[in-house]
Amino acid sequence: MRKQATALAYDASNRDAAPRVVAKGYGIVAEMIVQRAKDAGLYVHESPEMVSLLMQVDLDSRIPPALYQAVAEMLAWLYRLENGEDAGAAPKVAAGAHGRVR
């Protein structure tokens, strides 16, 4: 299976806006997305299920409501991790988020 990657951007100050898919790609493009994130000191979360769902979202589009719960859990976990709290295990994709997202 070809490697795939997506990148999300989220502006916490804009409470009405959902995260956006700002990059996505397969193969060498996916590798470049991951490397740029690591070079920028960003956390890279490896979840094939989440990436598969996010690949269905158009580039520069906000995530659909079907993914709000799963992405919110991931962002909350990342926030705890970045603030030195016990973040526990990385969240799994919620059962309701499987399948098509459009």
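Which exposed residues does the face of α3 turned away from its buried side carry? The notes below reach that point after the chain as a whole and its earlier elements. The model is predicted.

1. Overall layout. The chain has three helices and two strands. Along the sequence these elements follow the pattern β-β-α-α-α. Of the 102 residues in the chain, 33% are buried.

2. Strand β1 and threonine 6. Threonine 6 sits in strand β1. Its relative accessible area is 18%, and buried means under 20%, so threonine 6 counts as buried. Leaving aside residues up to four places away in sequence, threonine 6 touches Ala23, Lys24, Ile33, Val51, Leu54 and Met55.

3. Helix α1, length and buried side. Helix α1 covers residues 27-39, which makes 13 residues. From first C-alpha to last it reaches 18 Å, close to the 18 Å expected at 1.5 Å a residue. Its buried residues are Gly27, Ala30, Ile33, Val34 and Ala37. They lie on the same side of α1, because they cover an arc of only 125° around the axis. An α-helix has 3.6 residues a turn, so residues three or four places apart point the same way.

4. Helix α1, surroundings. The buried residues of α1 pack against β1 (4-9) and β2 (20-26). On the face turned away from the buried side, α1 carries the exposed residues Ile28, Arg36 and Asp39. Just after the helix comes glycine 41, which takes a positive phi of about 80°.

5. Helix α2 and methionine 50. Methionine 50 lies in helix α2. It counts as buried, at 6% relative accessibility. Lysine 92 is 42 residues away from methionine 50 along the chain, yet their C-alpha atoms are separated by 8.5 Å.

6. Helix α3, length and buried side. Helix α3 has 15 residues, which should span 21 Å at 1.5 Å a residue. The end C-alpha atoms are 21 Å apart, in agreement with that value. The buried residues of α3 are Ala70, Val71, Met74, Trp77 and Leu78. These residues are on the same side of α3, because the arc they cover around the axis is only 125°.

7. Helix α3, surroundings. This point answers the opening question: the face of α3 turned away from its buried side carries the exposed residues Gln69 and Tyr79. The buried residues of α3 are covered by elements including β1 and α2. After α3 comes glycine 84, with a positive phi near 70°.

8. The largest pocket. The largest pocket holds about 990 Å³ of space. It is lined by 31 residues, and the closest to its centre are Thr6, Ala7, Tyr43, Val44 and His45. The elements that give two or more residues to this lining are β1, β2, α1, α2 (48-54) and α3 (68-82). Of these, β1 gives the most, with six residues. By class, the lining has 22 nonpolar, four polar and five charged residues.

Notes: Residues numbered from 1 in each chain as written. Predicted model: local features only at pLDDT ≥ 70, side-chain atom pairs only at ≥ 80, totals over all residues. Heavy atoms only, no water. Helix = DSSP H or I, 4+ residues; strand = E, 2+ residues; numbered from the N terminus. Expected span 1.5 Å × (residues − 1). Buried < 20%, exposed > 50% of the residue type's maximum accessible area, 1.4 Å probe, protein only. Arc of directions from axis to C-beta. Contact = heavy atoms within 4.5 Å. 1 Å grid on protein atoms, 1.4 Å probe; cavity = no way out; pocket = protein on both sides within 12 Å on 5 of 7 lines; lining within 4 Å. Points joined across faces, edges and corners; volume = space filled by probe spheres on them. Nonpolar A, V, L, I, M, F, W, Y, C, P; charged D, E, K, R; others polar.
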